[in-house]
Amino acid sequence: MYDVAIIGAGVIGASIFRELTKYNLKVAVLEKEKDVSMGTSKANSAIVHAGYDPKEGTLMAKFNVKGNEMYEDLCKELSVPFKRNGSLVVAHSDEDMKTVEELCANGTKIGVKGLRVIGKKELLEMEPNLTDEVHGALYAPTGGIVGPFEYTIALCENGVTNGGEIKLKKEVVSIKKDDVFTIETADGEIIKAKYVVNAAGLYADKIHNLICKESFKITPRSGEYFVMDKSQGAIVSHTIFPCPSKLGKGILVSPTVHGNLIIGPDAIDMEDKEDLGTIGEGLDAIREASMHTTTKINFRESIRNFAGLRATPSTGDFIVEENDEVKGFVDAAGMKSPGLSSAPAVAEAVVEILDKAGLELNKKDNFIAKREQIHFMELPAEEKAALIKKNPQYGRMVCRCESITEGEIVGAIKRSFGTLSLDGVKRRCRPGMGRCQGGFCGPRVQEIIAREYNVKPEDIVQEKDGSYILFGKTK
Ligand SMILES: Cc1cc2nc3c(=O)[nH]c(=O)nc-3n(C[C@H](O)[C@H](O)[C@H](O)COP(=O)(O)OP(=O)(O)OC[C@H]3O[C@@H](n4cnc5c(N)ncnc54)[C@H](O)[C@@H]3O)c2cc1C
């Protein structure tokens, strides 16, 4: 019997999981996919928003501002890349300048620190590659960038270190409650838990409706992107937004924590919650829109397009509450943007809700806050040499684009919860994220995964079950 079962291993479920493992509790995350961070948390803009745009009084405002403040320390503890690069909301007209003033006033009222409106001269000094069309901007120094899947994976790994369980390929299909909850998964396993947290992202409405009265609907809204080679990574140093519209924050241009440039997303309402396709017209429109920000991007240096699906709630705000009728069932749902930025604060709030709902919370005295991950290229020369001496796998460079060693890949495999796919390794330590997109290192990584799990290379998949790379011998 678990004290708490969390449904969904995205950044929200993972944050709640890690927070709960600080206490003497039996906690599990049930995830339908074969890895964690396979939903919206793997495909988004990766911005830790400053928090100036959600309306006062919303949960989005409350959790974004607080979550942003918590990120830096958490990423240090968990060895995850994070940078407080600041963001700029750029005005292209006098009308836009009014919007920027309003955002500044709204943000200041809800507690965002350091906001100020700047004029064209200062803006172009900060970002000389912007177009001459700009009038001024809102400057938000607390805006940041993070590795979203690295962060989610790190939270899960640390939770496991602290005694929690990650149960993969466990799609929840039924939830009942007598004295406790009985959860059934698609493979027939029955799991008992005293409390249930619904962090199922796009499917949070479906999970809610398994046991509660229907009260909200989640609509998928797609956002497409370009990821550019590192040659384009320094075109801007802040995250640059246009003025927001009803559909969202608009097409941003931002450096990533790894030195690439990301451009997007658009906003297209969808019906299919699994459709992660990109379309040429959408990408053309993104390219067009980015020209109002900067004309310096060389789109021939695009190395990847992808799309993510926002879980847009019918309520217009995050839903973080215990259900009125089904006591002990807590929704952490409707996590559209800024859900990533808000995740640390949402996790604390959910623990408070569970506390009020009667969950006994006794802090562990042996909680291990730190998680180590070696980022070889970031080490000083003497530490690199010492590491190679201790473990020669760190002396073998597997991914030349991103400079990733065999030691880092083996480390990721050893820390993992299930059998990793090629993309699972890529999300953990980046082989295949560079210019050649795995063209050179992919087969080597495949060999390493097969060797470490003692299986045949033909058994290793790219991502989901069935996505085999090798089918048989040609010679
Ligand atoms: C285009 C785009 C851009 C964004 N940009 C930003 C940004 O820059 N900054 C920001 O703060 N936020 C951003 N967001 C929002 C942010 O990505 C989300 O708020 C966040 O990732 C949501 O996390 P989650 O854990 O709720 O959902 P997910 O990451 O989707 O996790 C839900 C998990 O539940 C699992 N699941 C579903 N059904 C079941 C079931 N029946 N049984 C078991 N498991 C199940 C899924 O497989 C999934 O792993 C963006 C989103 C999009 C789409």
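User: How many bridges join β4 to strand β8, and do the two strands run parallel or antiparallel?

Analyst: As a general idea, strands of a sheet pair through backbone hydrogen bonds, either parallel or antiparallel. In this predicted model, whose local features need pLDDT of at least 70 and whose side-chain atom pairs count only at pLDDT 80 or more, while totals for chains, interfaces and linings use all residues, 2 bridges join β4 to β8 (residues 144–146), and these strands run antiparallel. Residues are numbered from 1 along each chain as its sequence is written, and side-chain values use heavy atoms, with hydrogens and water left out. Strands (E, at least two residues) and helices (H or I, at least four) are DSSP runs numbered from the N terminus, and two strands pair if DSSP finds at least two bridges between them.

User: Which residue is the bridge partner of Lys83 in β8, and in what order do the strands of the open sheet come?

Analyst: The bridge partner of Lys83 in β8 is Ile145. The open sheet has 3 strands in the order β3-β8-β4, with antiparallel pairing; β3 (47–48) and β4 (82–83) are the edge strands, each of which pairs on one side only.

User: What are the domains of the chain, and how far apart are the C-alpha centres of domain 1 and domain 2?

Analyst: Domain bounds come from an automatic or database domain assignment. For this chain, the assignment gives domain 1 (2–41 + 149–217 + 315–357), domain 2 (83–144 + 219–313) and domain 3 (376–459). The C-alpha centres of domain 1 and domain 2 lie 30 Å apart, and the contact between them, meaning heavy atoms within 4.5 Å, takes 17 residues from domain 1 and 11 residues from domain 2.

User: How many residues surround the ligand, and which are the closest?

Analyst: A residue is near a molecule if one of its heavy atoms lies within 4 Å of it. Here 39 residues surround the ligand, and the closest are Glu31, Ser41, Ile47, Met335 and Ser341. Domain 1 and domain 2 each give at least three residues to this shell, which divides into 18 nonpolar, 14 polar and 7 charged residues (Ala, Val, Leu, Ile, Met, Phe, Trp, Tyr, Cys and Pro count as nonpolar, Asp, Glu, Lys and Arg as charged, and the others, Gly among them, as polar).

User: Which polar side-chain atom lies 3.1 Å from an oxygen atom of the ligand, and what share of the ligand's accessible area does the protein cover?

Analyst: The pairs to look for are N or O atoms within 3.5 Å. A polar backbone atom of Ile12 is 3.0 Å from an oxygen atom of the ligand, and the 3.1 Å pair involves a polar side-chain atom of Asn44. The protein covers 97% of the 1,000 Å² of accessible area that the ligand has on its own, where areas come from the Shrake-Rupley method with a 1.4 Å probe.

Methods
A polar contact is a pair of N or O atoms within 3.5 Å; within protein, one must be able to donate a hydrogen and the other to accept it, and residues adjacent in sequence count only if both atoms are side-chain atoms.
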